[in-house]
Amino acid sequence: MPGPSLWKCFIVLEVTFFLLLPGYALGSIALGVSPPFLEVQMGSGVNRRVAIEVTNAAGVAVTVRCFLADLTLSPQGEVLLLPEGSSPLSLSPCVVLQDARVFTLEPGERRKVFLRLKIPPDVREGRYGAVVFETVPEGSGEVAVSIRTGALLFLLPRIRKTERISVTVKRDDEGSLWLSLENAGNVHVRVRGEVLVRTREGKLLHRAVFPQNEKNLLILPGGVREITVEWEKRPFPPGEYEVEVRVFGEDRRRLRPLGALRVFLALP
Amino acid sequence: MRRFGILLVPVLLLFPFPVFGETTWEVLQGPTIRVEATIHPYVNVTVNLADEKGQALPGREPVVVFDCDRGPGTYRAKNPLVLSVVTNTPLQVFAEARPLQGKEKATVIPPERLAIAITEQGKEAGNFVRFLNGKKLLLFETSAGGIAYTARCDLQLEITHEDRAGEYAGTIVVEVFYRP
(Lines give C-alpha, C1' and ligand atoms only; values in the text may rest on other atoms or scores of the structure.)
Protein backbone atom coordinates (compact mmCIF):
# COMPACT_ATOMS: atom_id res chain seq x y z
CA MET A 1 0.00 0.00 0.00
CA PRO A 2 1.74 3.23 -1.10
CA GLY A 3 2.09 5.97 1.45
CA PRO A 4 0.44 9.42 1.23
CA SER A 5 3.58 11.05 -0.21
CA LEU A 6 3.72 8.43 -2.99
CA TRP A 7 0.07 9.11 -3.88
CA LYS A 8 0.89 12.82 -4.12
CA CYS A 9 3.73 11.97 -6.52
CA PHE A 10 1.36 9.91 -8.68
CA ILE A 11 -1.17 12.73 -8.84
CA VAL A 12 1.48 15.33 -9.71
CA LEU A 13 2.92 13.08 -12.42
CA GLU A 14 -0.48 12.37 -13.90
CA VAL A 15 -1.50 16.04 -13.97
CA THR A 16 1.85 16.95 -15.58
CA PHE A 17 1.38 14.22 -18.19
CA PHE A 18 -2.02 15.55 -19.22
CA LEU A 19 -0.84 19.15 -19.27
CA LEU A 20 2.12 18.28 -21.48
CA LEU A 21 -0.04 16.69 -24.13
CA PRO A 22 -1.63 19.58 -26.03
CA GLY A 23 -5.12 18.86 -27.19
CA TYR A 24 -5.32 15.61 -25.25
CA ALA A 25 -8.90 14.51 -24.83
CA LEU A 26 -10.09 17.85 -26.16
CA GLY A 27 -12.77 18.06 -28.80
CA SER A 28 -10.29 18.58 -31.58
CA ILE A 29 -8.95 17.04 -34.76
CA ALA A 30 -5.65 18.08 -36.28
CA LEU A 31 -3.92 16.93 -39.42
CA GLY A 32 -0.60 18.00 -40.88
CA VAL A 33 0.86 17.31 -44.32
CA SER A 34 4.37 17.72 -45.65
CA PRO A 35 5.04 18.61 -48.40
CA PRO A 36 1.74 20.22 -49.45
CA PHE A 37 2.98 20.63 -53.01
CA LEU A 38 5.16 18.49 -55.27
CA GLU A 39 6.29 19.27 -58.80
CA VAL A 40 8.13 16.35 -60.36
CA GLN A 41 9.76 16.26 -63.77
CA MET A 42 10.83 12.86 -65.05
CA GLY A 43 11.28 10.90 -68.23
CA SER A 44 8.76 8.33 -69.42
CA GLY A 45 9.48 4.75 -68.42
CA VAL A 46 11.40 5.82 -65.31
CA ASN A 47 10.20 4.59 -61.92
CA ARG A 48 10.25 6.95 -59.02
CA ARG A 49 8.97 6.71 -55.47
CA VAL A 50 7.95 9.74 -53.44
CA ALA A 51 6.66 10.01 -49.88
CA ILE A 52 4.16 12.36 -48.31
CA GLU A 53 4.07 12.57 -44.56
CA VAL A 54 0.81 12.94 -42.71
CA THR A 55 0.68 13.74 -38.99
CA ASN A 56 -2.03 13.51 -36.38
CA ALA A 57 -1.26 16.50 -34.18
CA ALA A 58 -4.31 16.03 -31.93
CA GLY A 59 -4.48 14.11 -28.70
CA VAL A 60 -6.89 11.46 -29.93
CA ALA A 61 -6.61 8.78 -32.59
CA VAL A 62 -8.14 9.61 -35.95
CA THR A 63 -9.17 7.51 -38.93
CA VAL A 64 -7.84 8.90 -42.20
CA ARG A 65 -9.01 8.11 -45.69
CA CYS A 66 -6.34 8.59 -48.33
CA PHE A 67 -7.11 8.81 -52.02
CA LEU A 68 -6.00 10.29 -55.32
CA ALA A 69 -8.01 13.03 -56.96
CA ASP A 70 -7.74 14.93 -60.21
CA LEU A 71 -7.23 18.62 -60.01
CA THR A 72 -8.37 21.72 -61.77
CA LEU A 73 -8.41 25.42 -60.95
CA SER A 74 -11.47 27.62 -61.13
CA PRO A 75 -11.17 30.81 -63.21
CA GLN A 76 -10.57 32.58 -59.88
CA GLY A 77 -7.72 30.22 -58.98
CA GLU A 78 -9.51 28.03 -56.43
CA VAL A 79 -8.32 24.44 -56.14
CA LEU A 80 -11.09 22.09 -57.27
CA LEU A 81 -10.78 18.36 -56.70
CA LEU A 82 -12.35 16.00 -59.22
CA PRO A 83 -12.92 12.24 -59.02
CA GLU A 84 -9.83 10.28 -59.99
CA GLY A 85 -9.70 9.59 -63.73
CA SER A 86 -12.34 12.15 -64.68
CA SER A 87 -9.97 14.79 -66.04
CA PRO A 88 -8.07 14.51 -69.36
CA LEU A 89 -4.99 15.55 -67.37
CA SER A 90 -5.55 12.92 -64.70
CA LEU A 91 -2.64 11.48 -62.74
CA SER A 92 -4.25 8.03 -62.81
CA PRO A 93 -2.08 6.44 -65.53
CA CYS A 94 1.09 7.75 -63.87
CA VAL A 95 0.60 7.33 -60.11
CA VAL A 96 -0.05 4.36 -57.86
CA LEU A 97 -0.86 4.87 -54.21
CA GLN A 98 1.13 2.17 -52.46
CA ASP A 99 -0.30 2.38 -48.95
CA ALA A 100 -3.57 1.45 -47.35
CA ARG A 101 -6.45 3.68 -48.37
CA VAL A 102 -7.84 3.90 -44.83
CA PHE A 103 -5.65 3.92 -41.74
CA THR A 104 -5.66 5.06 -38.15
CA LEU A 105 -3.23 7.62 -36.82
CA GLU A 106 -2.58 7.49 -33.11
CA PRO A 107 -2.10 10.77 -31.21
CA GLY A 108 1.09 12.42 -32.43
CA GLU A 109 1.75 9.67 -34.98
CA ARG A 110 3.44 10.45 -38.28
CA ARG A 111 3.00 8.22 -41.29
CA LYS A 112 4.66 8.28 -44.66
CA VAL A 113 2.42 7.48 -47.59
CA PHE A 114 4.35 6.32 -50.64
CA LEU A 115 3.47 6.94 -54.26
CA ARG A 116 5.01 5.17 -57.22
CA LEU A 117 5.37 7.41 -60.25
CA LYS A 118 5.83 6.15 -63.79
CA ILE A 119 4.88 8.12 -66.87
CA PRO A 120 3.71 6.00 -69.84
CA PRO A 121 5.33 6.94 -73.20
CA ASP A 122 2.05 8.17 -74.66
CA VAL A 123 1.65 10.92 -72.05
CA ARG A 124 2.60 14.11 -73.89
CA GLU A 125 1.37 16.75 -71.45
CA GLY A 126 1.58 17.71 -67.79
CA ARG A 127 -0.54 15.71 -65.37
CA TYR A 128 -2.21 17.27 -62.33
CA GLY A 129 -3.81 15.85 -59.22
CA ALA A 130 -3.74 15.61 -55.46
CA VAL A 131 -3.10 13.06 -52.78
CA VAL A 132 -5.95 13.74 -50.39
CA PHE A 133 -6.16 12.94 -46.67
CA GLU A 134 -9.59 13.21 -45.10
CA THR A 135 -10.48 12.46 -41.50
CA VAL A 136 -13.41 10.08 -41.07
CA PRO A 137 -15.83 11.23 -38.35
CA GLU A 138 -16.51 8.48 -35.83
CA GLY A 139 -19.37 9.91 -33.84
CA SER A 140 -23.03 9.93 -34.71
CA GLY A 141 -23.50 13.56 -33.78
CA GLU A 142 -25.74 16.06 -35.46
CA VAL A 143 -23.08 17.67 -37.62
CA ALA A 144 -19.67 16.05 -37.55
CA VAL A 145 -16.57 17.97 -38.61
CA SER A 146 -13.91 16.61 -40.88
CA ILE A 147 -10.56 17.90 -42.22
CA ARG A 148 -9.57 17.41 -45.83
CA THR A 149 -6.05 18.33 -46.81
CA GLY A 150 -3.23 16.83 -48.84
CA ALA A 151 -0.49 17.40 -51.36
CA LEU A 152 -0.98 18.79 -54.83
CA LEU A 153 1.08 16.86 -57.37
CA PHE A 154 2.23 18.26 -60.72
CA LEU A 155 3.89 15.65 -62.91
CA LEU A 156 5.79 16.78 -65.98
CA PRO A 157 7.13 14.34 -68.56
CA ARG A 158 10.29 15.33 -70.43
CA ILE A 159 8.55 16.53 -73.56
CA ARG A 160 8.73 19.47 -75.89
CA LYS A 161 6.69 22.07 -74.10
CA THR A 162 4.23 24.22 -75.98
CA GLU A 163 3.40 27.37 -74.08
CA ARG A 164 0.79 29.67 -75.50
CA ILE A 165 -1.80 31.89 -73.89
CA SER A 166 -4.85 33.09 -75.78
CA VAL A 167 -6.25 36.33 -74.45
CA THR A 168 -9.78 37.67 -74.44
CA VAL A 169 -10.54 41.16 -73.20
CA LYS A 170 -13.73 43.11 -72.70
CA ARG A 171 -15.07 45.97 -70.67
CA ASP A 172 -17.18 44.96 -67.69
CA ASP A 173 -20.28 46.76 -66.47
CA GLU A 174 -18.33 48.93 -64.06
CA GLY A 175 -15.90 50.17 -66.68
CA SER A 176 -13.00 47.96 -65.60
CA LEU A 177 -11.23 45.60 -67.96
CA TRP A 178 -12.05 41.92 -67.76
CA LEU A 179 -9.36 39.57 -69.00
CA SER A 180 -9.62 35.89 -69.75
CA LEU A 181 -6.36 33.98 -70.19
CA GLU A 182 -6.51 30.48 -71.60
CA ASN A 183 -3.56 28.15 -71.56
CA ALA A 184 -3.45 26.58 -75.01
CA GLY A 185 -0.18 24.77 -74.29
CA ASN A 186 0.58 21.30 -72.92
CA VAL A 187 2.05 22.25 -69.52
CA HIS A 188 1.11 24.66 -66.76
CA VAL A 189 2.45 28.20 -66.90
CA ARG A 190 2.88 31.00 -64.40
CA VAL A 191 2.07 34.28 -66.05
CA ARG A 192 1.91 37.97 -65.45
CA GLY A 193 1.42 40.81 -67.84
CA GLU A 194 0.47 44.35 -68.58
CA VAL A 195 -2.34 46.31 -70.16
CA LEU A 196 -1.49 49.37 -72.21
CA VAL A 197 -4.11 51.94 -73.17
CA ARG A 198 -3.36 54.23 -76.11
CA THR A 199 -5.21 56.82 -78.13
CA ARG A 200 -6.03 56.10 -81.76
CA GLU A 201 -2.97 58.15 -82.59
CA GLY A 202 -0.80 55.80 -80.53
CA LYS A 203 -0.14 58.05 -77.52
CA LEU A 204 0.29 55.93 -74.37
CA LEU A 205 -2.21 56.99 -71.70
CA HIS A 206 -2.12 54.27 -69.10
CA ARG A 207 -0.27 51.10 -68.10
CA ALA A 208 -1.57 48.56 -65.58
CA VAL A 209 0.14 45.34 -64.55
CA PHE A 210 -1.54 42.09 -63.59
CA PRO A 211 -2.06 40.24 -61.34
CA GLN A 212 -2.33 43.13 -58.95
CA ASN A 213 -2.38 41.31 -55.61
CA GLU A 214 -0.01 38.42 -56.21
CA LYS A 215 3.20 37.58 -57.98
CA ASN A 216 1.81 35.56 -60.89
CA LEU A 217 -1.13 33.45 -62.04
CA LEU A 218 -0.87 29.73 -62.50
CA ILE A 219 -2.84 28.34 -65.44
CA LEU A 220 -3.16 24.62 -66.07
CA PRO A 221 -3.23 23.29 -69.66
CA GLY A 222 -6.66 23.93 -71.12
CA GLY A 223 -7.49 26.03 -68.08
CA VAL A 224 -8.77 29.58 -67.95
CA ARG A 225 -8.04 32.31 -65.43
CA GLU A 226 -10.17 35.42 -65.30
CA ILE A 227 -9.06 38.69 -63.78
CA THR A 228 -10.30 42.22 -63.58
CA VAL A 229 -7.86 45.03 -64.09
CA GLU A 230 -8.86 47.94 -61.93
CA TRP A 231 -7.93 51.47 -62.90
CA GLU A 232 -6.15 53.19 -60.03
CA LYS A 233 -7.68 56.47 -61.10
CA ARG A 234 -9.64 57.62 -64.10
CA PRO A 235 -6.68 58.34 -66.29
CA PHE A 236 -8.49 59.28 -69.46
CA PRO A 237 -11.85 60.71 -70.58
CA PRO A 238 -14.48 58.30 -71.87
CA GLY A 239 -13.87 57.32 -75.48
CA GLU A 240 -12.60 54.58 -77.71
CA TYR A 241 -9.04 53.50 -77.08
CA GLU A 242 -6.58 50.94 -78.24
CA VAL A 243 -6.04 48.31 -75.55
CA GLU A 244 -2.99 46.10 -75.77
CA VAL A 245 -2.58 43.10 -73.47
CA ARG A 246 0.82 41.46 -73.17
CA VAL A 247 1.23 38.18 -71.29
CA PHE A 248 4.56 36.85 -70.13
CA GLY A 249 5.54 33.50 -68.73
CA GLU A 250 7.66 33.67 -65.62
CA ASP A 251 10.38 31.13 -65.14
CA ARG A 252 13.32 31.67 -62.79
CA ARG A 253 12.81 35.45 -62.91
CA ARG A 254 13.01 35.44 -66.70
CA LEU A 255 10.04 36.74 -68.62
CA ARG A 256 9.15 35.37 -72.02
CA PRO A 257 6.22 36.52 -74.17
CA LEU A 258 3.40 33.98 -74.31
CA GLY A 259 0.52 35.92 -75.74
CA ALA A 260 -0.70 39.33 -76.78
CA LEU A 261 -3.85 41.02 -77.99
CA ARG A 262 -4.60 44.46 -79.40
CA VAL A 263 -8.22 45.67 -79.64
CA PHE A 264 -10.21 48.90 -79.68
CA LEU A 265 -12.60 49.34 -76.75
CA ALA A 266 -14.85 52.05 -75.38
CA LEU A 267 -13.35 52.99 -71.98
CA PRO A 268 -13.49 53.45 -69.11
CA MET B 1 61.09 66.86 -29.79
CA ARG B 2 57.97 67.86 -31.60
CA ARG B 3 59.87 67.90 -34.94
CA PHE B 4 61.19 64.37 -34.21
CA GLY B 5 57.68 63.13 -33.63
CA ILE B 6 56.46 64.65 -36.87
CA LEU B 7 59.27 62.88 -38.77
CA LEU B 8 58.75 59.52 -37.01
CA VAL B 9 55.09 59.10 -38.01
CA PRO B 10 55.66 59.04 -41.82
CA VAL B 11 58.70 56.77 -41.34
CA LEU B 12 56.65 54.25 -39.39
CA LEU B 13 53.90 54.38 -41.98
CA LEU B 14 56.40 53.40 -44.71
CA PHE B 15 57.20 50.11 -42.99
CA PRO B 16 54.36 47.67 -42.85
CA PHE B 17 56.31 45.38 -40.52
CA PRO B 18 57.36 46.02 -36.93
CA VAL B 19 60.49 48.16 -36.81
CA PHE B 20 61.76 47.36 -33.36
CA GLY B 21 61.50 43.60 -33.38
CA GLU B 22 60.10 40.71 -35.37
CA THR B 23 56.73 39.38 -34.30
CA THR B 24 55.17 36.39 -35.98
CA TRP B 25 51.51 35.50 -35.65
CA GLU B 26 50.34 31.98 -35.90
CA VAL B 27 46.77 31.22 -36.87
CA LEU B 28 45.59 28.23 -34.91
CA GLN B 29 43.29 25.95 -36.90
CA GLY B 30 40.40 25.03 -34.65
CA PRO B 31 37.55 22.70 -35.50
CA THR B 32 34.91 24.23 -37.80
CA ILE B 33 31.40 23.12 -37.08
CA ARG B 34 28.98 23.59 -39.95
CA VAL B 35 25.36 24.15 -39.16
CA GLU B 36 22.72 23.17 -41.67
CA ALA B 37 18.98 23.36 -41.36
CA THR B 38 16.26 22.30 -43.77
CA ILE B 39 12.77 23.61 -43.24
CA HIS B 40 10.31 21.44 -45.08
CA PRO B 41 7.07 22.88 -46.42
CA TYR B 42 4.08 21.89 -44.30
CA VAL B 43 0.43 22.58 -43.56
CA ASN B 44 -1.08 21.90 -40.12
CA VAL B 45 -4.82 22.18 -39.65
CA THR B 46 -6.65 21.99 -36.31
CA VAL B 47 -10.37 22.20 -35.64
CA ASN B 48 -11.51 22.56 -32.03
CA LEU B 49 -14.95 22.59 -30.53
CA ALA B 50 -14.95 25.66 -28.29
CA ASP B 51 -16.96 27.39 -25.61
CA GLU B 52 -18.30 30.93 -25.93
CA LYS B 53 -14.88 32.36 -25.09
CA GLY B 54 -13.17 30.27 -27.75
CA GLN B 55 -11.55 27.81 -25.31
CA ALA B 56 -11.27 24.21 -26.49
CA LEU B 57 -13.81 21.83 -24.98
CA PRO B 58 -13.24 18.22 -23.94
CA GLY B 59 -14.60 15.39 -26.06
CA ARG B 60 -13.37 12.94 -28.65
CA GLU B 61 -13.90 14.98 -31.78
CA PRO B 62 -15.73 18.17 -32.71
CA VAL B 63 -19.46 17.73 -33.26
CA VAL B 64 -21.74 20.67 -33.93
CA VAL B 65 -25.05 20.40 -32.10
CA PHE B 66 -28.22 22.31 -32.95
CA ASP B 67 -31.01 22.02 -30.41
CA CYS B 68 -34.05 23.09 -32.41
CA ASP B 69 -36.67 23.31 -29.66
CA ARG B 70 -38.90 26.21 -30.67
CA GLY B 71 -40.30 25.17 -34.04
CA PRO B 72 -39.40 26.80 -37.35
CA GLY B 73 -36.67 29.40 -37.19
CA THR B 74 -32.93 29.90 -37.09
CA TYR B 75 -30.84 28.17 -34.46
CA ARG B 76 -27.26 28.93 -33.52
CA ALA B 77 -25.01 25.93 -32.81
CA LYS B 78 -24.45 25.29 -29.12
CA ASN B 79 -20.69 25.69 -29.51
CA PRO B 80 -18.55 27.42 -32.12
CA LEU B 81 -15.56 25.84 -33.83
CA VAL B 82 -12.08 27.29 -33.71
CA LEU B 83 -10.07 26.73 -36.87
CA SER B 84 -6.29 27.05 -36.73
CA VAL B 85 -3.98 26.72 -39.72
CA VAL B 86 -0.21 26.98 -39.49
CA THR B 87 1.80 26.82 -42.70
CA ASN B 88 4.94 28.07 -44.37
CA THR B 89 3.44 27.93 -47.87
CA PRO B 90 0.64 29.79 -49.70
CA LEU B 91 -2.73 28.18 -49.10
CA GLN B 92 -6.50 28.26 -49.44
CA VAL B 93 -9.00 27.34 -46.72
CA PHE B 94 -12.49 26.22 -47.74
CA ALA B 95 -15.56 24.89 -45.95
CA GLU B 96 -18.16 22.59 -47.43
CA ALA B 97 -21.35 21.21 -45.91
CA ARG B 98 -23.06 17.95 -46.78
CA PRO B 99 -26.84 17.55 -46.44
CA LEU B 100 -28.24 16.64 -43.03
CA GLN B 101 -29.89 13.24 -43.32
CA GLY B 102 -32.73 12.21 -41.03
CA LYS B 103 -31.66 9.22 -38.95
CA GLU B 104 -35.01 7.52 -38.88
CA LYS B 105 -36.88 8.76 -41.92
CA ALA B 106 -35.66 9.58 -45.40
CA THR B 107 -35.74 13.32 -44.81
CA VAL B 108 -33.01 15.72 -45.78
CA ILE B 109 -32.09 19.27 -44.78
CA PRO B 110 -30.11 20.78 -47.66
CA PRO B 111 -26.76 22.50 -46.96
CA GLU B 112 -28.23 25.83 -48.10
CA ARG B 113 -29.98 26.01 -44.73
CA LEU B 114 -26.67 25.85 -42.89
CA ALA B 115 -24.68 29.05 -42.61
CA ILE B 116 -21.25 29.91 -41.27
CA ALA B 117 -19.79 33.15 -39.89
CA ILE B 118 -16.04 33.56 -39.69
CA THR B 119 -14.48 35.82 -37.10
CA GLU B 120 -10.75 36.18 -37.54
CA GLN B 121 -8.62 36.86 -34.50
CA GLY B 122 -8.65 40.53 -33.57
CA LYS B 123 -11.29 41.42 -36.16
CA GLU B 124 -15.01 42.15 -36.08
CA ALA B 125 -17.48 39.28 -36.24
CA GLY B 126 -18.23 38.18 -39.79
CA ASN B 127 -21.67 37.83 -41.34
CA PHE B 128 -23.36 34.49 -41.82
CA VAL B 129 -22.92 33.02 -45.29
CA ARG B 130 -25.03 30.09 -46.48
CA PHE B 131 -23.39 26.92 -47.70
CA LEU B 132 -24.19 25.82 -51.23
CA ASN B 133 -24.90 22.26 -52.28
CA GLY B 134 -21.79 20.69 -53.74
CA LYS B 135 -19.84 23.94 -53.65
CA LYS B 136 -17.06 25.05 -51.36
CA LEU B 137 -16.95 28.37 -49.56
CA LEU B 138 -13.59 30.08 -49.63
CA LEU B 139 -12.87 31.16 -46.05
CA PHE B 140 -9.34 32.42 -46.36
CA GLU B 141 -6.43 32.45 -48.78
CA THR B 142 -2.92 33.76 -48.78
CA SER B 143 -0.24 33.97 -51.41
CA ALA B 144 2.44 34.34 -48.75
CA GLY B 145 3.89 31.64 -46.53
CA GLY B 146 4.56 31.92 -42.81
CA ILE B 147 0.95 32.15 -41.71
CA ALA B 148 -0.66 31.25 -38.39
CA TYR B 149 -4.35 31.75 -39.05
CA THR B 150 -6.97 31.38 -36.33
CA ALA B 151 -10.67 31.98 -36.80
CA ARG B 152 -13.82 31.31 -34.84
CA CYS B 153 -16.55 29.66 -36.90
CA ASP B 154 -20.14 30.15 -35.74
CA LEU B 155 -22.76 27.98 -37.36
CA GLN B 156 -26.49 28.33 -37.67
CA LEU B 157 -29.26 26.14 -39.03
CA GLU B 158 -32.61 27.19 -40.40
CA ILE B 159 -35.52 24.80 -40.05
CA THR B 160 -38.96 25.11 -41.57
CA HIS B 161 -42.36 23.62 -40.81
CA GLU B 162 -41.65 20.97 -43.45
CA ASP B 163 -38.77 19.46 -41.48
CA ARG B 164 -39.99 16.42 -39.59
CA ALA B 165 -39.14 15.89 -35.95
CA GLY B 166 -36.19 13.63 -35.33
CA GLU B 167 -32.42 13.47 -35.32
CA TYR B 168 -30.40 14.54 -38.32
CA ALA B 169 -26.73 13.99 -39.09
CA GLY B 170 -24.42 15.70 -41.56
CA THR B 171 -20.81 16.72 -42.04
CA ILE B 172 -18.90 19.94 -42.41
CA VAL B 173 -15.59 19.52 -44.20
CA VAL B 174 -12.78 22.02 -43.66
CA GLU B 175 -10.53 21.82 -46.70
CA VAL B 176 -7.01 23.21 -46.76
CA PHE B 177 -4.76 23.02 -49.81
CA TYR B 178 -1.64 24.62 -51.15
CA ARG B 179 -2.44 27.63 -53.29
CA PRO B 180 -0.58 27.02 -56.55
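Modeller: Two residues are in contact if their C-beta atoms, placed from the backbone, lie within 7 Å. This is a predicted model, in which local features need pLDDT of at least 70 and side-chain atom pairs count only at pLDDT 80 or more, while totals for chains, interfaces and linings use all residues. Residues are numbered from 1 along each chain as its sequence is written, and chains are lettered from A and ligands numbered from 1 in the order in which they are written.

Colleague: Thanks! What percentage of the contacts in chain A with a separation of 6 or more comes from residues 24 or more positions apart?

Modeller: Start with the elements: chain A has one helix and 18 strands, where helices (H or I, at least four residues) and strands (E, at least two) are DSSP runs numbered from the N terminus. Among the contacts of chain A with a separation of 6 or more, the share from residues 24 or more positions apart is 68%.

Colleague: And what is that share in chain B?

Modeller: Chain B has one helix and 12 strands. Its order from the N terminus on is α-β-β-β-β-β-β-β-β-β-β-β-β. For contacts in chain B with a separation of 6 or more, residues 24 or more positions apart supply 69%.

Colleague: What percentage of the residues of chain B counts as buried?

Modeller: A residue is buried if 20 or more other C-beta atoms lie within 10 Å of its own, exposed if 12 or fewer, and partly exposed in between, with C-beta atoms placed from the backbone. Of the 268 residues of chain A, 34% are buried. For the 180 residues of chain B, the buried share is 29%.

Colleague: Is B:Ile39 buried or exposed?

Modeller: Look in the loop between helix H1 (2–14) and E1 of chain B, where B:Ile39 lies. From there, C-alpha to C-alpha, B:Val65 is 40 Å away in space and 26 residues away in sequence. Because B:Ile39 has 6 C-beta neighbours inside 10 Å, it counts as exposed.

Colleague: Which element gives the largest share of the side of chain B that touches chain A?

Modeller: The contact takes 35 residues from chain A and 39 residues from chain B. On the chain B side, strand E1 (43–49), strand E2 (63–64) and strand E12 (168–178) each supply at least two residues. The largest share, 11 residues, belongs to E12(B).

Colleague: How many residues of the side of chain B that touches chain A are charged?

Modeller: Let's sort by class: Ala, Val, Leu, Ile, Met, Phe, Trp, Tyr, Cys and Pro are nonpolar, Asp, Glu, Lys and Arg are charged, and the others, Gly among them, are polar. On the side of chain B that touches chain A, 26 residues are nonpolar and 10 are polar, and the charged ones number three.

Colleague: Which residue takes a positive phi in the hairpin of E13(A) and E14(A)?

Modeller: Strand E13 (residues 189–198) of chain A and E14(A) run antiparallel, with six bridges. One bridge pairs A:Glu194 with A:Val209. Most residues other than glycine have a negative phi. Five residues sit between the strands of this hairpin, and the one with a positive phi near 95° is A:Gly202.

Colleague: Which residue does a cis peptide bond join to A:Phe210?

Modeller: Most peptide bonds are trans. One cis bond joins A:Ser34 and A:Pro35, with omega about -5°. Another, also with omega about -5°, joins A:Phe210 to its partner, which is found in the loop between strand E14 (204–210) and strand E15 (217–219) of chain A. That partner is A:Pro211.

Colleague: How far apart are the C-alpha centres of domain 1 and domain 2 of chain A?

Modeller: An automatic or database assignment sets the domain bounds. Chain A is divided into domain 1 (29–157) and domain 2 (165–267). In the contact between them, 12 residues of domain 1 meet 11 residues of domain 2. The distance between their C-alpha centres is 34 Å.

Technical notes
Two strands pair if DSSP finds at least two bridges between them.
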